[in-house]
Amino acid sequence: MDNKQYSTRELFRRFAPYFKKYRFTLWMDLFCAALTTVCELVLPLIMRYITNEGLRDLASLSVKTILSLGVLYFGLRIVDCIASYYMSDMGHVMGAKIETDMRRDAYNHLQKLSNTYYNNTKVGQIMGRITNDLFDVTEFAHHCPEEFFIAGIKTVISFIILANINLPLTLMIFLCVPLMCGVCMILNFRMRSAFRKQRNQIGELNARIEDSLLGHKVVKAFTNEEVENVKFEKDNGTFLDIKKLTYRYMAAFNTTVKLFDGLMYLVVLVAGGIFMVNGRIAMVRGKIAAGDLVAYMLYVSTLIATIRRIIEFAEQFQRGMTGIERFLQIVDADIEIFDEPDAIELKDPKGEISFEKVSFEYPDDHNKVFTDLNLQIHAGEKVAIVGPSGGGKTTLCNLIPRFYDVSEGRILLDGQDIKHFTLKSLRGNIGIVQQDVYLFSGTIYENIAYGRPGASKEDVINAAKRAGAHEFIMGLKDGYDTYVGERGVKLSGGQKQRISIARVFLKNPPIIILDEATSALDNESEFAVAKSLGELSEGRTTLTIAHRLSSIRNSDRILVLTDDGIVEEGNHDQLMEQKGIYYQFYETANALK
Ligand code: ADP
Ligand code: MG
């Protein structure tokens, strides 16, 4: 997987469009944030007024004044509460909606990615990216604009108010801010790289767990539980190391902030105290009153609290950023196989396939499989391919539905390059039965109906009957509603294969590819499945790959595919007469019997 790193700017630029749909909520959220800030900033002003007035002339303060100030403050707090409620309810919902949108985009993109992508990516990593990594985005999406906004206005308003009371003292305090920001930025940057590593390692850990759990039968068969534990412990340990590093940066970060806020209090305490005692040192507007010092302390506390929140948010911010980055790494993965702009719908093809000078190498490994391969399959013809393992039979089959695109040359269907058809219509007209069947977790009925979503119950049962699956299904406890287990673990190989054939019957495509469909089966199920396959290929263009030669004897044409391309071609009798590779295969197979 491409682990491109994005700059903060790029991350923001790509993330911002997700707010578009929720503009109203966002503005309301910011408005509420502003309201809560104003409410918070009024308290020091009230305290300053009361203290200053009281010290100047206690008689000027009446209970009535204090009560009305109390009422004012109470009113502001009510507004504050309502605004806070909106922020934590609607703000969070907005974040969650954005998370959902992003997850949907990532998932839709994953559906379009090619085999090459999946061959090189661990499922555990993808899972982490579209679940956990996006959780943090919810918090981020809502808090990021809000926190920065609040911090911004608080700092500006505090500065204005404080500067009005005493400018030199204010400047002294605010001098600490840029210094602090500088140090924090450096530490923040380190924190991001640590979070990045942490995410990646948790993905690796997921992948490891998945691999080992899926292979639990092999683990047990070789009693390699210890080996698995050791492998797991290694990854688990690496994760701990990375976490330790993250916490070290976080500790450094928090300590720095503590240091700086100590420094700010110190400035107010010492410089402010001196200004109060000795008015002459204060250059502007003379002496500081006691009430001013109280207000100062309160404002500095607010300021520090703000900075603290930003600091706490820094962690969330970096988590969110890495989450977005890992999300972008998915949605930016190249779609290698796509519809051409002028692609047309493939409708009721006759099923004539021809390979013209096709060369192919796997895009990731540059594993050259074919050079200049020519092949003609007539409409309705039954062609079989035999050849040594690794000769490229499966690869050849994968090129027809465009699971991979040819490197050179072209493949024609009914005389048209397959790239001219939409992928959906091309693949919709090809039925594939492979050696390893994938059944989705669900019932037998659901798995057959997968062949044509929306098919009627009658059609599904009919397909099962034609695939020779109906009888064994009816013998199961719950019939068609039997739960097949994850990947169909509760069924035998032959049963799974017949279900996969029923799926293709239901799909009813004019072109059929059978890639070693019966190889994994015992003799008895092979016989049953072969019968179903024979029925399936009736009247359709069929490409069969089989290493058991008995099942292809009746093919119209047999091709022998080796590393040198197609080296022999003809029907069974012709090839036997040639006494070439096919003849040898056949003899060896018979000798083994
Ligand atoms: P066959 O089906 O005839 O046994 P394949 O078509 O599966 O052979 O493989 C042909 C060659 O392509 C082999 O050398 C194999 O190693 C290579 N190959 C198969 N799949 C891939 C892949 N996904 N990526 C890279 N190389 C592959
Ligand atoms: Mg194969």
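Is Asp235 buried or exposed at its relative accessibility? Select Asp235 to begin: at 12% relative accessibility it counts as buried, where buried means under 20% relative accessible area, exposed over 50%, and partly exposed in between, with a 1.4 Å probe and protein chains only.

Before going further, note that this is a predicted model, in which local features need pLDDT of at least 70 and side-chain atom pairs count only at pLDDT 80 or more, while totals for chains, interfaces and linings use all residues. Residues are numbered from 1 along each chain as its sequence is written, chains are lettered from A and ligands numbered from 1 in the order in which they are written, and side-chain values use heavy atoms, with hydrogens and water left out.

Now show the whole protein chain, which holds 19 helices and ten strands (DSSP runs, H or I of at least four residues for helices and E of at least two for strands, numbered from the N terminus). Its C-alpha trace spans about 120 × 55 × 45 Å along the principal axes, and 47% of its 593 residues count as buried.

Arg208 lies in helix α7 and Asp235 in helix α9 (residues 225-277), so the pair ties together parts that are 27 residues apart in sequence. Arg208 counts as partly exposed, at 24% relative accessibility.

Next, select Lys122 and Glu204, whose side chains meet in a salt bridge at 2.7 Å, N to O. This pair links distant parts of the chain, 82 residues apart, with Lys122 in the loop between α4 (115-119) and α5 (123-130) and Glu204 in helix α7 (residues 167-214). Lys122 is partly exposed, with a relative accessible area of 42%, and Glu204 also counts as partly exposed, at 22%.

Move on to Glu381 and Arg557, which form a salt bridge of 2.9 Å, N to O. Because Glu381 lies in the loop between β2 (367-377) and β3 (382-386) and Arg557 in strand β9 (residues 557-562), the pair ties together parts that are 176 residues apart in sequence. Both Glu381 and Arg557 are buried.

Then select Asp133, Asp136, Arg199 and Arg326, which salt bridges with shared partners join into one network. A search of the whole structure finds 22 salt bridges.

Finish at Asn398, placed in helix α11 (residues 393-399) and buried, with a relative accessible area of 11%.

Methods. A salt bridge is a side-chain nitrogen of Lys or Arg within 4 Å of a carboxyl oxygen of Asp or Glu.
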